[in-house]
Amino acid sequence: MSIAVCIQKYSHVKLAGRKDQRSFFRTKTWWFGFVLICVGEGGNFVSYAFAPLAVVAPLNAVSVLASSILGFIFQREKSKLKDFAKQNVLTFLGYILTVGGTYLFVAFGPNTHEKLYAEIVVLHLVGWPVLLYLFLEIIAFCVLLYFYKQRNANYLVVILLLVALLGSVTVIAVKAVSAMLVITIEGSMQLDFPIFSVMFVCMVASVIFQGRFLSQACNLHDSSLIASVNYILSTFSAVTAGAVFYVEFRNEDVLHICLFLLGIAICFLGVFLITKTKKKTKSFEPYVTMDMTNGVPTIHNKEIQAEFSGSFSYGALVNNDGAPPADRKLEEPPVDSRSSKTSQEQLDLKKQ
């Protein structure tokens, strides 16, 4: 998945200067990335049928780590090894924490797995813990949606909580649909049960609304912050959904559960460090400044320092040659001595 996204990004960057914005559809690199995305998503879909949700969902941290490493490779920044290490020390620490946390939650995660026939899915769905969980989730979703739509609460946490609540429904439905498809392929027909249609509709609808909320979040907030917060909230909701709906921790002891939660927390910190230290691109907007008091333009170069010094401008401007700025007082034009004498003589004649 990470390789596919980087390949498609490379295709878009390479064709950014062309007038035809749809020309990337004609490139082999973009289609190669698209095929890799389909293969990766297909493998992710099938993995839900063979592994617990509590193990599959946190593995998205590996995708974040791989994307960051591939970003360094594709950027190809030429710098000394010492300077490069100083600039990215927190990112490397995030790599170590992510790898260590991944090992912990995989090694000590739940190992129980059952074949989800349609009858078993129905039994899980009608249990009172699941009904109570879904009831509380619907109430929370409605409250957050009210504040988001009616009160204009466009906070990042509010939007991503909506995404996470939808995500818990998505992973429950995806696991059920994937498991029933695998059982059908093995020879026992499961697609004619009504529960399969219900789960399939819930899966498609929740994915569509997740995409809409994520798109709105990307338009309002920083993408690196969205990546870390969305991973934390979505992983928490997926693990909770697996524990409540599929009872994945029923045969686990307290020590394994504590080490599993420790691995998840370490992964959260690692992903936060990786995305937090991501370099932000600075957009350049040239503009002309003018001294509005005297109506005289002040000559500056195009360099803008991104500093805030209490002024109302975007940044501090630097002069062309390092010379101090011109005095605001307008210099009076020189007066010719001859013209002053003649004007004085004319005044004297008029008085006589």
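Trainee: What should I know about the model before I start?
Mentor: The model is predicted: local features need pLDDT of at least 70, side-chain atom pairs count only at pLDDT 80 or more, and totals for chains, interfaces and linings use all residues. Residues are numbered from 1 along each chain as its sequence is written, and side-chain values use heavy atoms, with hydrogens and water left out.

Trainee: How many helices and strands does the protein have?
Mentor: The protein has 13 helices and 4 strands. Both are DSSP runs numbered from the N terminus, with helices (H or I) of at least four residues and strands (E) of at least two.

Trainee: What percentage of the residues is buried?
Mentor: Of the 352 residues, 32% are buried. Buried means under 20% relative accessible area, exposed means over 50%, and partly exposed is in between (1.4 Å probe, protein chains only).

Trainee: How many aromatic pairs does the structure hold?
Mentor: There are 8 aromatic pairs. Rings of Phe, Tyr and Trp (its six-membered ring) pair if their centres lie within 6.5 Å; planes under 30 degrees apart count as stacked, over 60 as edge-to-face and the rest as tilted.

Trainee: Why is the pair of F196 and F200 called stacked?
Mentor: The ring planes of F196 and F200 are at 20°, with the centres 6.4 Å apart, so the pair is stacked. Both residues belong to helix α10 (residues 194-220) and are 4 residues apart, about one turn of the helix.

Trainee: And F196, buried or exposed?
Mentor: F196 counts as buried, at 11% relative accessibility. F200, at 39%, counts as partly exposed.

Trainee: Which kind of pair do F245 and Y246 form?
Mentor: F245 and Y246 form an edge-to-face pair, 4.7 Å centre to centre with 65° between the planes. F245 is buried at 2% relative accessibility, and Y246 is buried at 4%.

Trainee: Which charged residue sits over the ring of Y246?
Mentor: That is K175, whose charged end is 5.7 Å from the ring centre. A charge sits over a ring if NZ of Lys or CZ of Arg is within 6 Å of the ring centre and within 35 degrees of the ring normal.

Trainee: Which residues do ring pairs link into a cluster?
Mentor: F105, F249 and F260 are linked in that way.

Trainee: Changing topic, how do α2 and α9 cross?
Mentor: The axes of α2 (residues 28-50) and α9 (residues 156-186) come within 7 Å and cross at roughly 80°. That makes α2 roughly perpendicular to α9. Angles of 65 to 115 degrees count as roughly perpendicular, under 35 as roughly parallel, over 145 as roughly antiparallel and the rest as oblique. Axes are lines fitted to C-alpha atoms, for helices over the stretch in contact, and angles run from 0 to 180 degrees between N-to-C directions.

Trainee: Which residues meet there?
Mentor: F45, V46, Y48, A49 and F50 in α2 meet residues of α9 including V171, V174, K175 and V177.

Trainee: What does V177 touch?
Mentor: Leaving aside neighbours within four places in sequence, V177 is in contact (heavy atoms within 4.5 Å) with F45, F196, M199 and F200. V177 is buried, with a relative accessible area of 1%.

Trainee: What separates V177 from A118?
Mentor: They are 59 residues apart along the chain, and their C-alpha atoms are separated by 9.4 Å.
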